Amino acid sequence: MRLIFILFLVTTISCTDKNKSQKDTTSDHKSENLAAVLDTIWRTEQDPIRLRDSIGRIYGFDSKEFVKQNTIYHKNHDLNERKVREILDTQGWPDRSLIGKQGNLTLCNVLQHSSPEIRIKYLPLMRQAVKNNQLSPWLLARTEDRIATDKGEFQIYGGQMKYYPEMKSFNVWPIFDPVNVDKRRAEIGLEPISEFLKNRFDFEWNLEEQILRSEKFEKERQSKKQ
């Protein structure tokens with residue numbers, strides 16, 4: 001009787017370990033698959049953008065060459081957006097241990113390139129991810145800046161650029177209190193705005209110019225309210 005019990009116990013433990021091993025393996029595969037999916041999304045989202053912007057700088061941002069590449073990019077983005085929304089709707093914000101910093105950057109970039117309604121929809125999820133230490137604060141700040149520009153409001157951290165057709169050039173979307181923007185950026189781990197704009201957009205930051213632009217922007221906002 002004791003022998004039968006021991007055999008039963010060994011068999012039970014063996015099956016349990018086997019099932020656990022299978023679950024762990026399945027989990028590992030899911031993690032690898034998610035990371036791989038996000039890696040593909042990153043490449044198919046960013047490569048067309050880089051090519052599009054390079055074409056814009058060479059031929060002009062109103063050129064037919066730019067428009068053609070921009071169309072290609074948007075086709076890719078529409079597909080990537082559907083994939084990202086499926087991930088977030090079914091899994092919530094993925095654990096950083098599964099997707100890493102790059103995976104987080106990929107998710108945020110796709111949302112950043114989506115419609116204002118999409119960004120607002122997933123903003124609470126991003127805020128919770130930051131509270132749970134699963135997402136870097138600067139990625140949330142960038143999204144909040146983008147939402148502010150969508151609403152015609154000041155951005156806070158200065159990451160958003162806009163193309164001004166009348167000037168045929170890009171400039172920073174007006175910033176609230178530009179004098180202290182670097183202080184706010186440092187608080188969430190961002191480099192000085194002059195470095196960011198130079199490295200990202202090859203744009204020269206001029207504090208005096210931006211102060212005047214922000215003052216003009218505020219006057220225009222106030223006049224619209226009257």
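How many salt bridges does a search of the whole structure find? I got eleven. A reminder to myself before going on: this is a predicted model.

**Entry 1: salt bridges between helices**

I started with Lys 121 and Asp 89, whose side chains meet in a salt bridge at 4.0 Å, N to O. Lys 121 belongs to helix 4 (residues 116-131) and Asp 89 to helix 2 (residues 64-91), so this pair ties together parts 32 residues apart in sequence. Both ends turned out to be partly exposed: Lys 121 has 44% relative accessibility, and Asp 89 has 48%.

Next I looked up Asp 150 and Arg 119, which form a salt bridge with their closest N and O atoms 2.6 Å apart. This pair also links distant parts of the chain, with Asp 150 in helix 5 (residues 137-150) and Arg 119 in helix 4, 31 residues apart. Is Arg 119 buried or exposed? Arg 119 is buried, at a relative accessible area of 2%, whereas Asp 150 is partly exposed at 34%.

I then checked Lys 198 and Asp 202, and found their side chains in a salt bridge of 2.8 Å, N to O. Shared partners join Lys 198, Asp 202 and Glu 204 into one network of salt bridges. Lys 198 is partly exposed at 37%, while Asp 202 is exposed at 56%.

Beyond its neighbours within four places in sequence, Glu 45 touches several residues, including Asn 76, Asn 80, Val 110 and His 113. Tyr 73 came up again when I turned to Arg 52, which lies over the face of that ring, 5.2 Å from its centre.

**Entry 2: aromatic rings**

My count here was eight aromatic pairs. One of them is Tyr 163 with Phe 170, tilted, at 5.1 Å centre to centre and 55 degrees between the planes. Another is Trp 173 with Phe 217, edge-to-face at 5.6 Å and 70 degrees. Trp 173 is buried at 13%, and Phe 217 is buried at 12%; Phe 170 is partly exposed at 34%. Last, I noted that Phe 61, Phe 66, Tyr 163 and Phe 170 form one aromatic cluster.

Note on methods. Residues numbered from 1 in each chain as written. Predicted model: local features only at pLDDT ≥ 70, side-chain atom pairs only at ≥ 80, totals over all residues. Heavy atoms only, no water. Phe/Tyr/Trp six-rings, centres within 6.5 Å; stacked < 30°, edge-to-face > 60°. Buried < 20%, exposed > 50% of the residue type's maximum accessible area, 1.4 Å probe, protein only. Lys NZ or Arg CZ within 6 Å of the ring centre and 35° of its normal. Contact = heavy atoms within 4.5 Å. Helix = DSSP H or I, 4+ residues; strand = E, 2+ residues; numbered from the N terminus.
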